[in-house]
Amino acid sequence: MAEQLHFDLPLHVALGPDDYFVSEANREAFAMVTGETDWPNGKLAVIGPEGSGKSHLARLWQVRTGTLILKAQDLDPAADLPEAGARVVLEDGDHLAPEAEEYLFHLHNHLAATGGLLLLTGRRAPARWPLALPDLASRLQATTVIPVADPDDLLLRAVLTKHFADRQLQPSPRLIDWLLPRIERSFASAAWIVAALDEAALSGGLVINQSLARVILDKAHGNLEE
């Protein structure tokens with residue numbers, strides 16, 4: 001398809017196994033989360049910027065193991081602990097509310113004592129989380145940390161393609177080829193350009209193509225090369 005018309009359709013983020021692309025940037029994290037590798041002390045932290053696929057990895061682990069997924073910012077301090085030996089994900093751990101720290105402390109100890117596993121995600125390593133509870137901080141500091149690196153060319157292409165697909169858009173492959181050397185090599189930049197193209201096409205009744213992308217990048221940077 002040479003050009004992509006825009007239709008105002010609901011955003012659907014695909015999180016299935018076939019929607020996760022593995023490259024050198026995320027290979028270690030993917031192997032540790034989805035493989036049979038033992039986690040030291042039964043816990044693992046996957047860290048990386050927004051949009052780097054941490055939540056997607058958590059969903060893949062959930063499908064395989066029946067994992068309980070908790071959001072740090074929504075954690076209920078009065079919630080019951082899961083069953084013995086449970087597999088638990090705590091997403092966005094660096095956004096944990098102070099009143100929920102004691103719950104995470106007891107959850108950590110409960111899983112450690114019963115053979116459970118704890119997967120933590122966040123933008124920063126647990127040792128850098130702003131925790132007020134010293135006992136919790138000391139336990140999380142011993143967590144093995146696996147970073148997701150900035151995307152390489154293969155992963156950045158896949159991320160761009162996925163962002164378009166999540167918005168039910170199918171731009172020309174030539175557009176993605178053109179974008180790759182012209183955007184920052186980051187997950188955030190890939191998400192931004194696709195969202196900007198989608199919004200501009202919707203508001204102006206335009207097609208998503210290289211010309212529209214050039215206008216958006218010119219406005220953002222002012223020095224786009226041919």
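Biologist: Which residues does His-108 touch, not counting residues up to four places away in sequence?

Modeller: The model is a predicted one. In it, His-108 touches Lys-43, Leu-118, Arg-139 and Leu-140, with residues up to four places away in sequence not counted. His-108 itself is found in helix H3, residues 101–114.

Biologist: Is His-108 buried or exposed?

Modeller: His-108 has a relative accessible area of 10%. The cut-off for buried is under 20%, so His-108 counts as buried.

Biologist: How is a pair of aromatic rings described?

Modeller: A pair of aromatic rings is described by the distance of the centres and the angle of the planes. A search of the whole structure finds one aromatic pair. Trp-39 and Trp-61 form this pair, with 4.9 Å centre to centre and 35° between the planes, and it is tilted.

Biologist: Where in the chain do Trp-39 and Trp-61 lie?

Modeller: The pair links distant parts of the chain, 22 residues apart. Trp-39 is in the loop between helix H1 (27–34) and strand E2 (43–47), while Trp-61 is in helix H2, residues 54–65. Both Trp-39 and Trp-61 are buried.

Biologist: What tends to happen to nonpolar side chains in soluble globular proteins?

Modeller: In soluble globular proteins, nonpolar side chains tend to be buried together. Here the largest nonpolar core has 42 residues, and those with the most contacts inside it are Leu-160, Phe-164, Leu-179, Ile-193 and Leu-197. The largest share of this core, eight residues, comes from H7. A second, separate core has 21 residues, including Leu-90 and Phe-105.

Biologist: Which residues does Leu-179 touch, not counting residues up to four places away in sequence?

Modeller: Leaving out residues up to four places away in sequence, Leu-179 touches Leu-160, Phe-164, Ile-193, Leu-197, Ala-213 and Leu-217.

Biologist: Ala-213 and Leu-217 belong to H8. Which residues of H8 are buried?

Modeller: The buried residues in H8 are Leu-212, Ala-213, Ile-216 and Leu-217. They cover an arc of only 125° around the axis, so they are on the same side of H8. On the other side of H8, Ser-211 and Lys-219 are exposed. The buried residues of H8 pack against helix H6 (173–179), helix H7 (187–204) and strand E7 (207–208).

Biologist: What is found at the start of H8?

Modeller: There, a side-chain oxygen of Asn-209 reaches to within 3.2 Å of the backbone nitrogen of Ser-211.

Terms used: Residues numbered from 1 in each chain as written. Predicted model: local features only at pLDDT ≥ 70, side-chain atom pairs only at ≥ 80, totals over all residues. Heavy atoms only, no water. Buried < 20%, exposed > 50% of the residue type's maximum accessible area, 1.4 Å probe, protein only. Helix = DSSP H or I, 4+ residues; strand = E, 2+ residues; numbered from the N terminus. Arc of directions from axis to C-beta. Contact = heavy atoms within 4.5 Å. Polar contact = N/O pair within 3.5 Å; in protein donor to acceptor, adjacent residues only side chain to side chain. Phe/Tyr/Trp six-rings, centres within 6.5 Å; stacked < 30°, edge-to-face > 60°. Core = buried A, V, L, I, M, F, W, Y, C linked by side-chain atoms within 4.5 Å.
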